[in-house]
Amino acid sequence: MTNAEIAIFGLFEALSIPRSGATLIHTAFKRIADGSGLEAAAVVRAFCDYKASGTLLMPTMSWRLVRAGIDVFDVRETPSNVGILTDIFRTQHAQKRSLHPTHSVAGRGDDVAEILSRHHEDETPVSAKSPFGMLPNLNATVVLFGVGMECCTLMHHVEETIAPDCYLQPSSLRESFSCKDEHGAPQIVHVRRHLKIPRRYQVVSAALDERGLLARHVLGGVEITAFRACDALDLGSEMLRRQPDFFLQKFFT
């Protein structure tokens, strides 16, 4: 086994990540690379090898790159703006990428065609038809690899489901983008962007931790966490049903 395989396999086993089923990994690599000496391409290969009998998903979002004045998204060409690991996965390992201009997801595995096929159909980026929205029903695991709960896009699905008017631009301000699929066929996709307001998703990770639902391990001096998507969805939804704007920064104490 390579150094990356030893490190990633040991990490995922310590976090109880199943080899089968679906796993979505949010990533930031610099601090982990500095602390472990691992190379980005080798880490992505190890992710894929560990999940060889399951489904591996990684966000390949481009909300920073696709915007007013730059309104064309191409699943084959538009880079990911959420880190080097995601772009390596997108270009070298993924079998499919969802057709969404701001919140696309790339994946490999038996179920990716179904998971990634309907992302573009709703005007909210993280709807029930998005890969993120499908995670709970897939009994998927979410891994935060070098990032905190603030990067957990599943929480946007909670917002969109329960209190969209608190967290999203109104439909009257939705944007339209020309999106090209893997065959180069264009399609217009409409998007209500998330409001640029600070969230406090760490209240959800704290609740998971209190209930023993958050797994932790360290790689390269950086804490890595994992949890079941359905557990995070249940806790986040409960919070917003009680108080729809509970995730907003103004409630920090």
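Guide: In this predicted model, histidine 119 lies in the loop between helix H5 (112-116) and helix H6 (131-134).

Visitor: Why is histidine 119 called buried?

Guide: Buried means under 20% relative accessible area. Histidine 119 has 0%, so the term applies.

Visitor: What makes the link between the side chains of histidine 119 and serine 98 a polar contact?

Guide: The cut-off is 3.5 Å. The two side chains are joined at 2.9 Å. A polar atom of the histidine 119 side chain also lies 2.8 Å from the backbone oxygen of proline 125.

Visitor: Which residues does histidine 119 touch, not counting those up to four places away in sequence?

Guide: Among them are Leu99, His100, His103 and Lys129.

Visitor: Why are phenylalanine 9 and tyrosine 50 called edge-to-face?

Guide: Ring centres must lie within 6.5 Å, and planes over 60 degrees apart count as edge-to-face. Here the centres are 5.4 Å apart and the planes at 75°, so the pair qualifies. Phenylalanine 9 is in helix H1 and tyrosine 50 in helix H3, so the pair ties together parts 41 residues apart in sequence.

Visitor: How do you know whether phenylalanine 9 is buried or exposed?

Guide: The limit for buried is under 20%. Phenylalanine 9 is at 13%, so it counts as buried. Tyrosine 50, at 3%, is buried too.

Visitor: What makes arginine 19 a charge over the ring of tyrosine 50?

Guide: The distance limit is 6 Å from the ring centre. The charged end of arginine 19 sits over that ring, 4.3 Å from its centre. Tyrosine 50 also belongs to an aromatic cluster with Phe9, Phe12, Phe47 and Phe145.

How values were computed. Residues numbered from 1 in each chain as written. Predicted model: local features only at pLDDT ≥ 70, side-chain atom pairs only at ≥ 80, totals over all residues. Heavy atoms only, no water. Helix = DSSP H or I, 4+ residues; strand = E, 2+ residues; numbered from the N terminus. Buried < 20%, exposed > 50% of the residue type's maximum accessible area, 1.4 Å probe, protein only. Polar contact = N/O pair within 3.5 Å; in protein donor to acceptor, adjacent residues only side chain to side chain. Contact = heavy atoms within 4.5 Å. Phe/Tyr/Trp six-rings, centres within 6.5 Å; stacked < 30°, edge-to-face > 60°. Lys NZ or Arg CZ within 6 Å of the ring centre and 35° of its normal.
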